[in-house]
Amino acid sequence: MQYKATSPDDYISQVPEERQNALKNLRKTIKSNLPDGFEEGIQYGMIGYYVPHTIYPSGYHCNPEEPLPFMSFASQKNSVNLYHSGIYSNPELHDWFIQEYPKHCKRKLDMGKSCIRFKKIDEIPFELIGELAKKITVEEWINIYETAIKKK
């Protein structure tokens with residue numbers, strides 16, 4: 001679902017009440033584990049974490065007005081979705097996450113290229129998401145991103 005939010009708090013207040021605590025916990029988990037330098041805000045209609053223009057003035061190549069996206073989450077119709085660009089662009093991180101997931105959750109992993117879907121909000125593996133959030137610094141993300149752009 002698309003929400004017309006102006007801030008992360010505004011976004012969470014608009015989702016169904018039964019999901020609000022899960023989103024608050026997800027937000028707290030990410031914010032307390034994400035390395036310094038990333039900023040939080042609304043990006044692409046979701047709560048997003050990105051590299052601000054003050055650190056990476058070039059912004060996102062598809063739209064340089066946008067800061068460089070890194071991680072986000074959203075409440076969708078049938079799931080809470082976590083998007084992590086590092087999982088998509090870093091094979092070692094992707095493999096690590098797939099290997100670690102069963103240690104934290106009994107449910108089968110429902111994952112796309114950068115999207116992890118949680119259909120049961122009471123089974124979101126917050127500890128694993130915290131570990132994932134720690135794995136890439138701003139500097140490492142910029143390096144991964146620029147290396148990928150050069151290959152295109």
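User: Before we start, what makes two strands a pair here?
Analyst: Two strands pair if DSSP finds at least two bridges between them. Keep in mind that this is a predicted model.

User: OK, what makes β3 and β4 a pair?
Analyst: β3 and β4 are joined over five bridges, in the antiparallel sense. The cut-off is at least two bridges, so they count as paired. One of the bridges involves alanine 74, whose partner in β4 is asparagine 81.

User: What packs on the sheet around there?
Analyst: Helix α5 (residues 126–134) does, touching β3, β4 and β5, and its direction makes about 20° with that of β4. Helix α2 (residues 17–33) lies across β1, β2, β3 and β4 and runs at about 160° to β3.

User: Why are β1 and β5 called edge strands?
Analyst: The open sheet has five strands in the order β1-β2-β3-β4-β5, with antiparallel pairing. β1 (39–43) and β5 (115–118) each pair on one side only, and that makes them the edges. From one strand to the next, the twist averages 25°.

User: What's in the second largest pocket?
Analyst: About 240 Å³ of space. It has 14 lining residues, and Tyr44, Met46, Pro69, Ser72 and Ser85 are the closest to its centre.

User: How do you know which strand gives the most to that lining?
Analyst: β2 (46–51), β3 (68–75) and β4 (80–84) each supply at least two residues, but β3 gives the most, with four.

User: And what is the make-up of the lining, nonpolar, polar or charged?
Analyst: Eight residues are nonpolar, six are polar and none is charged.

Notes: Residues numbered from 1 in each chain as written. Predicted model: local features only at pLDDT ≥ 70, side-chain atom pairs only at ≥ 80, totals over all residues. Heavy atoms only, no water. 1 Å grid on protein atoms, 1.4 Å probe; cavity = no way out; pocket = protein on both sides within 12 Å on 5 of 7 lines; lining within 4 Å. Points joined across faces, edges and corners; volume = space filled by probe spheres on them. Nonpolar A, V, L, I, M, F, W, Y, C, P; charged D, E, K, R; others polar. Axes fitted to C-alpha atoms, helices over the stretch in contact; angles between N-to-C directions. Contact = heavy atoms within 4.5 Å.
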